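Here are some notes to go with your copy of the model. Please keep the viewer open while you read, as the points go from one part of the fold to another.

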Amino acid sequence: MFFVCLTCRLRLWTLPASVRSRCVRTIRTKASMSIQDTLKGADSLGIPQFDHILCPAKSCFVLLVDAQARLVPAISQSDLVVSAMDRLARAAGILGVPVRATEHCAEAIGPTVPPLADRLTPEQILAKRHFDATREPGLADALTALERPVAVVAGVEAHVCVAQAAIGLGRLGWRVAVVEDACGSRREEDRTAGLARLRAAGAVPVTVEALIFEWLESADHPKFREALAIIKER
């Protein structure tokens with residue numbers, strides 16, 4: 001067991017004695033606060049409150065980025081990435097979460113790959129030429145019309161269009177969750193860097209399985225068995 005200073009967020013035993021005494025006083029002061037006061041204090045220190053990182057189904061939409069025919073084959077472990085994106089899209093459909101997909105310069109890079117394409121209507125596919133999808137005229141408006149405050153982002157490439165879209169969504173006021181097992185790049189080092197950048201920017205890292213369970217909320221959900229079957233495919 002260890003204590004963490006609310007001010008500097010360091011383990012106390014790593015601090016000099018003079019600093020440690022100040023940290024202990026800070027902790028004792030915080031311990032005397034009400035829960036709400038503590039949350040306000042944490043917020044002022046830049047410590048995220050837990051309700052800011054929740055992804056309930058009623059608040060989410062899914063954005064699948066650029067899973068296109070001439071790009072996907074070059075992605076490292078592309079089969080796993082597309083499979084994860086497909087499970088995400090199917091679970092979203094079962095649980096009432098809207099899904100949209102972007103296609104970047106489709107005339108050159110091709111259409112969305114199956115099986116994802118088979119689950120999308122033409123109205124769900126958003127064309128773009130900007131790497132940051134939110135800078136494409138009308139695209140952010142189309143997402144705003146969904147009236148969902150949490151953007152769940154997956155796709156390729158993690159360090160380019162996924163990263164720029166996720167950061168753009170955050171800049172425009174959406175809370176952003178990135179489905180890390182449903183993101184890929186041609187090179188693993190680029191994927192790793194892209195996902196690390198998004199975490200640093202404040203995006204919430206999730207996996208397909210974690211997200212499905214969060215959308216379900218309870219084993220009593222009427223769609224529990226259907227969603228569980230998708231989880232067990234992995």
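Which residues are buried in α9? They are Phe 224, Ala 227, Ile 230 and Ile 231, where buried means under 20% relative accessible area, exposed over 50% and partly exposed in between (1.4 Å probe, protein chains only). Seen down the axis of α9, these buried residues fall within an arc of 125 degrees, so they line one face of the helix; the arc is that of the directions from the helix axis to the C-beta atoms. Their packing partners are α3 and α8, with contact meaning heavy atoms within 4.5 Å.

1. Ground rules. This is a predicted model, in which local features need pLDDT of at least 70 and side-chain atom pairs count only at pLDDT 80 or more, while totals for chains, interfaces and linings use all residues. Residues are numbered from 1 along each chain as its sequence is written, and side-chain values use heavy atoms, with hydrogens and water left out.

2. Confidence. pLDDT is the predictor's confidence in each residue, from 0 to 100. The chain averages 86, and 78% of the residues score at least 70. Please treat two stretches with care: pLDDT stays under 50 over residues 1–15, for which the model has 32 contacts beyond four places in sequence, and also over residues 23–36, with 15 such contacts. Where pLDDT is low, the predicted coordinates should not be read in detail.

3. Overall make-up. The chain has 9 helices and 6 strands; these are DSSP runs numbered from the N terminus, helices being H or I of at least four residues and strands E of at least two. Of the 234 residues, 46% count as buried. Among contacts between residues at least 6 apart in sequence, 74% join residues at least 24 apart.

4. The largest core. A nonpolar core is a set of buried Ala, Val, Leu, Ile, Met, Phe, Trp, Tyr and Cys residues joined through side-chain atoms within 4.5 Å. The largest one here has 42 residues, and those with the most contacts inside it are Val 62, Leu 64, Leu 88, Val 152, Val 179, Ile 212 and Trp 215. At least two residues each come from β1, α3, β2 (99–104), β4, β5, β6 (204–206), α8 and α9, and α3 gives the most, with 8 residues. A second, separate core of 24 residues includes Leu 139, Leu 146, Trp 174 and Leu 198.

5. Leaving out residues up to four places away in sequence, Val 62 touches Leu 88, Ala 92, Val 97, Pro 98, Val 99, Arg 100, Val 152 and Trp 215.

6. Helix α8. In this helix (residues 208–216), Val 208, Leu 211, Ile 212, Trp 215 and Leu 216 are buried. They cover an arc of only 135 degrees around the axis, which puts them on the same side of α8. The buried residues of α8 pack against β1 (60–65), α3, β4 (150–156), β5 (175–184) and α9 (224–231). After α8 comes Glu 217, whose phi is positive, near 70 degrees.

7. The structure holds 12 salt bridges, each a side-chain nitrogen of Lys or Arg within 4 Å of a carboxyl oxygen of Asp or Glu. One of them joins Arg 90 and Glu 233, with the closest N and O atoms 2.5 Å apart. Arg 90 lies in helix α3 and Glu 233 in the segment after α9, so the pair ties together parts that are 143 residues apart in sequence. Glu 233 counts as partly exposed because its relative accessibility is 46%. A network of salt bridges links Asp 86, Arg 90, Arg 119 and Glu 233.

8. Two further pairs to inspect. The side chains of Glu 157 and Arg 186 meet in a salt bridge (3.1 Å, N to O). Glu 157 sits in the loop between β4 and α6 (158–171) and Arg 186 in the loop between β5 and α7 (188–201), 29 residues apart. Glu 157 is buried at 9% relative accessible area, whereas Arg 186 is partly exposed at 41%. In the other pair, Arg 135 forms a salt bridge with Asp 132, the closest N and O atoms being 3.4 Å apart. Arg 135 counts as exposed at 51% relative accessibility, while Asp 132 is buried at 6%.
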